[in-house]
Amino acid sequence: MDLITPDLGLMFWTGLVFLLLMFVLTKFVWKPILAAVNSREQSITASLELAEKTMSEMKALQAQNEDLLKEARAERDSIVKDAREIATKMVDDSKNTAKVEAEKIINSAREAVNNEKTAALAEIKTQIAILSIEIAEKVVKGELSSADKQKALSEKLAADFNLN
Amino acid sequence: MPFKNIVKSILLICTVVLAFNTSFANGGKEEDKSAFIMHHIKDAHEWHIMGETSVYLPVILFDGGMKVFSSKSLYDGEVKTATNKEGEVLDFDYVANTKLGYGMFHEKIYKLNNEGNLIFHGEHPENAKPMDFSITKNTLSLFFGAIIILILTLTAAKFYKKNGAVAPKGLAKFIEPLVVFVRDDVAKPYIHGGKHTKYLPYLLTIFFFIFINNLLGLVPILPGGANLTGNISVTLVLAVLTLLITVISGNKNYWGHIFATPGVPKALLIIMVPIEIVGVFTKPFALMIRLFANMAAGHIIVLALISIIFVNQSAAWGFLSVPMALFISVLELLVAFLQAYLFAMLSALFIGAAVEEAHH
């Protein structure tokens with residue numbers, strides 16, 4: 001029965017010690033510890049949120065970068081293509097021009113040669129004609145140098161006419 | 001291997017614990033072991049160290065003025081055989097100090113009558129009892145417990161004051177999880193609407209008070225070894241505090257449920273109201289009994305197991321009783337925490353019910 005009979009003295013001391021302990025602990029321990037724990041928890045939550053935000057921002061930035069890169073790549077491709085086209089065109093153009101020029105030159109050369117040739121032939125013809133006339137003159141001069149010869153010739157010519 | 005080291009230290013501690021328990025139990029061969037165990041479970045005016053060595057504690061009595069003297073003058077007083085009113089001689093003794101005018105029987109102090117005797121009625125003296133505010137074994141243990149709690153928690157608090165809200169180190173690393181545990185698993189789930197912060201200091205104090213004193217009770221050498229939390233006076237005070245807080249902070253909704261339970265026919269209220277009123281008291285009553293019975297039982301089991309050796313007067317029984325006592329001692333470590341948790345949790349539950357807002 002002693003075991004379950006509360007003892008006044010011990011009850012008094014327990015109450016006193018407990019209340020003092022609660023007072024001291026509340027003031028000097030629980031409040032600072034809980035404040036520290038709370039503020040740390042808040043800072044952890046804030047940090048986590050910040051990290052998440054930063055990550056999503058970074059992701060957006062990365063996507064943007066990728067887009068930019070894609071755009072740049074496309075632009076580069078188009079520039080290169082254009083350049084190639086222009087180059088090809090330029091080469092073709094110059095080839096054509098060169099061809100036309102060459103043909104022109106060849107044609108004019110050919111014309112000049114022909115002209116020269118014609119001129120030369122005309123000259124030669126003229127010379128031949130002159131020579132022929134001179135020769136004919138000399139021959140005629142020789143044939144008609146004497147009366148005999150003139151007579152003979154006229155006879156011969158007359159004979160020729162006769163024959164005809 | 002830190003784990004291995006921890007296991008080793010635990011085993012070492014347990015061995016020391018049991019060795020001392022054995023030294024406690026080493027009384028006279030004919031001694032009644034149950035009386036020895038009951039003596040340990042109850043409070044005392046001396047602190048038994050070992051063998052014949054004891055520390056005598058101050059006795060403080062209020063009996064027409066404060067009287068303070070060492071309990072040595074009672075323990076070393078005259079040993080008298082108990083007698084009853086009819087003058088019959090009984091078969092047990094008590095100690096008396098006729099100079100001081102006080103006698104002691106089963107650690108309780110009584111006023112001696114004019115002849116310097118205690119008159120027994122049955123097994124208890126009929127003499128008047130002075131108000132006894134002595135620093136008993138349990139009171140001293142209470143002080144030790146408070147000092148240990150203060151050292152532990154103030155050291156932890158100092159860490160935060162010095163370092164701010166950083167990750168805890170040292171003692172703070174041990175205290176903080178317990179504080180957070182009480183906040184998140186004891187207070188928050190049962191006291192709703194952000195009201196838990198108001199009651200958190202009480203719940204934290206009660207948790208640490210019970211936990212540390214439970215553990216202190218498991219240490220058989222000074223400053224431990226008293227059965228403080230297994231004493232009904234202590235658990236009564238703690239339960240009354242919970243009751244007071246519940247009643248004081250009870251809101252309209254709480255009292256409404258007690259005196260006019262919603263949805264109950266008026267005629268039934270005649271039965272319901274007394275039941276609800278009794279319920280207000282049975283809840284803390286259960287708290288008181290649970291803690292007291294659990295802690296007292298733990299002490300009784302360990303001592304009883306050790307006593308097997310002495311009852312049988314053979315050291316060979318140690319091979320049976322020591323492992324069993326070791327098992328119970330380790331189990332008690334769990335119980336020490338569990339009971340502290342339960343007391344705080346149920347207190348939170350009762351307070352939570354008292355401050356709950358109506359939501360119909």
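**Entry 1**

I started at Lys85(B), which counts as exposed because its relative accessibility is 58%, and the cut-off for exposed is over 50%. I kept in mind that this is a predicted model. Next I looked for a charged partner. Glu126(B) forms a salt bridge with Lys85(B), and the closest N and O atoms are 3.8 Å apart. I then placed both residues in chain B. Glu126(B) sits in the loop between strand S10 (124–125) and strand S11 (131–132), while Lys85(B) sits in the loop between strand S5 (78–84) and strand S6 (89–97), so the pair ties together parts that are 41 residues apart in sequence. Glu126(B) is partly exposed, at 40% relative accessibility.

**Entry 2. Other salt bridges**

I asked how many salt bridges a search of the whole structure finds. Over all chains, the search gives nine. Side chains of opposite charge can pair when their charged atoms come close.

In chain A I looked up Asp77(A). Its side chain meets that of Arg76(A) in a salt bridge, 3.4 Å from N to O. Asp77(A) is partly exposed, with 43% relative accessibility.

In chain B I looked up Lys188(B). Its side chain and that of Asp184(B) meet in a salt bridge at 3.5 Å, N to O. Lys188(B) has a relative accessible area of 40% and is partly exposed. Asp184(B) also counts as partly exposed, at 27%. I followed the shared partners from there. Salt bridges join Glu41(A), Arg183(B), Asp184(B) and Lys188(B) into one network.

**Entry 3. A nonpolar patch**

One patch of about 480 Å² is made by Leu8(A), Phe62(B), Met66(B), Val68(B) and Met131(B). Leu8(A) lies in helix H1 of chain A, which covers residues 8–143. Its relative accessibility is 47%, so Leu8(A) counts as partly exposed.

**Entry 4. Asn231(B)**

Is Asn231(B) buried or exposed? I found Asn231(B) buried, because its relative accessible area is 10% and the limit for buried is under 20%. I located Asn231(B) in the loop between helix H6 (196–218) and helix H7 (232–249) of chain B.

Which residues is Asn231(B) in contact with, leaving aside its neighbours within four places in sequence? I listed Leu10(A) from chain A, and Asp43(B), Asn138(B) and Phe292(B) from chain B.

Terms used. Residues numbered from 1 in each chain as written. Chains lettered and ligands numbered in written order. Predicted model: local features only at pLDDT ≥ 70, side-chain atom pairs only at ≥ 80, totals over all residues. Heavy atoms only, no water. Patch = residues over 30% accessible without salt bridge, like charges linked within 9 Å, V, L, I, M, F, W, Y side chains within 5 Å. Areas by Shrake-Rupley, 256 points an atom, 1.4 Å probe, with all protein chains shown as cover. Salt bridge = Lys/Arg side-chain N within 4 Å of Asp/Glu carboxyl O. Helix = DSSP H or I, 4+ residues; strand = E, 2+ residues; numbered from the N terminus. Buried < 20%, exposed > 50% of the residue type's maximum accessible area, 1.4 Å probe, protein only. Contact = heavy atoms within 4.5 Å.
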